[in-house]
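Subject: Structure handover

Hello,

Here is the structure I promised to pass on. Please open it alongside this note; what I found follows below.

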Amino acid sequence: MIAETPSMRRAIIVGASSGIGWELARVLIREGWMVGVAARRANLLQQLVALCPQRVHPLQLDVIQEDAPQRLSRFIEKMGGIDLYVYSSGIGKQNRLLDTDIEAGTARTNAVGFIALVSTVFNYMANHGGGHIAVISSIAGTKGLGAAPAYSATKALQNTYMQALEQLIRARKLKIRLTDLRPGFVDTAILSDEHRYPMLMRPDMVAEKMWQAIRKHRHVCVIDGRWRLLTALWRLIPNGIWRRLPL
């Protein structure tokens, strides 16, 4: 087991090698947490470890591997338990030609891997007194986006899964908190194609807003205010009109 002080809070971020997950890890390090950082590209985690070697612990983890839940469970035990779990892993590409490999790969990471790891942590927390699960989903789950069918569909799955878990928590009277973090377009590698995205946000600013939402125990948080307004308008658009929009 990793050495800790009795009062130290423990978090694990899956998908911490870049982007929002990276920035959120930096926030938690700054706030004094013990932070487990996990990613498929483990070499990219070393810069986070260097920020505070005593409190940052890396794990090589590919969310689509069959043994990922077992590896995560062992990591939780090694950390001495978990107070906060953040699922930041995800892939997404524009796929207007509907390449089957892209769609299937997106579903494996954003749906199958997501469910496997979130349910693993949920069951651990249910059996060990509770905790907080935060998932970085997306505003893309608001409506089906023709430019990225699997991405928007899997993000909608994540939104619905979190809603279902909230109902399950209440029915079972568990001490687990959930936060569904839904950012708009963020300047990360996932949007590194040639398309120009509107209202692009910086990862560090998004991470700070996410941290505030987690601290306040928000159930759902769309980031930021511009995207909250836009997604509210999206929901009002009838399907007959939505399917004609050139998104």
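Axes here are lines fitted to C-alpha atoms, for helices over the stretch in contact, and angles run from 0 to 180 degrees between N-to-C directions. Helices (H or I, at least four residues) and strands (E, at least two) are DSSP runs, numbered from the N terminus. This is a predicted model: local features need pLDDT of at least 70, side-chain atom pairs count only at pLDDT 80 or more, and totals for chains, interfaces and linings use all residues. Residues are numbered from 1 along each chain as its sequence is written, and side-chain values use heavy atoms, with hydrogens and water left out.

Helix pair

Helix H3 (residues 68-79) packs against H4 at an angle of about 40°. Their axes are 9 Å apart. The crossing of H3 and H4 is right-handed (the near helix is turned clockwise from the far one by less than a right angle). On the H3 side, the contact (heavy atoms within 4.5 Å) uses Ala68, Pro69, Leu72, Ser73, Ile76 and Glu77. H4 contributes Ala116, Leu117, Thr120, Val121 and Tyr124. Eight of the contact residues are nonpolar, two polar and one charged. Here Ala, Val, Leu, Ile, Met, Phe, Trp, Tyr, Cys and Pro count as nonpolar, Asp, Glu, Lys and Arg as charged, and the others, Gly among them, as polar.

Sheet

Seven strands make an open sheet, in the order S3-S2-S1-S4-S5-S6-S7. The pairing (at least two DSSP bridges between two strands) is parallel. Strand S3 (56-60) and strand S7 (220-223) are the edges, each pairing on one side only. Neighbouring strands are turned by 15° against each other on average, direction ignored.

S5 and S6 are joined in the parallel sense by six bridges. Val135 stands opposite Asp180 in S6. Strand S6 (residues 176-183) is linked to S7 by four bridges, again parallel. Leu181 faces Cys221 in S7. S6 is mostly covered, with seven of its eight residues buried (under 20% relative accessible area; exposed is over 50%, partly exposed in between; 1.4 Å probe, protein chains only).

Helix H4 (residues 100-127) lies across strand S1 (10-14), strand S4 (84-87), strand S5 (131-136) and S6. H4 runs at about 175° to S4. Helix H6 (residues 203-215) also packs on the sheet, touching S4, S5, S6 and S7. The direction of H6 makes about 155° with that of S6.

Two histidines

Where do His132 and His217 sit? His132 is in strand S5, whereas His217 is in the loop between H6 and S7. His132 counts as buried because its relative accessibility is 7%. His217 is partly exposed, at 35%. Beyond four places in sequence, His217 is in contact with His132, Arg177 and Thr179. With the same exclusion, the contacts of His132 include Asp83, Tyr85, Met125, Ile214 and His217.

Helix H1

Helix H1 (residues 19-30) has twelve residues and should span 16 Å at 1.5 Å a residue (1.5 Å times one less than the number of residues). Its end C-alpha atoms are 17 Å apart, which agrees. Nine of the twelve H1 residues are buried, including Trp22, Glu23 and Leu28. Just after H1, Gly32 takes a positive phi of about 90°.

Best wishes
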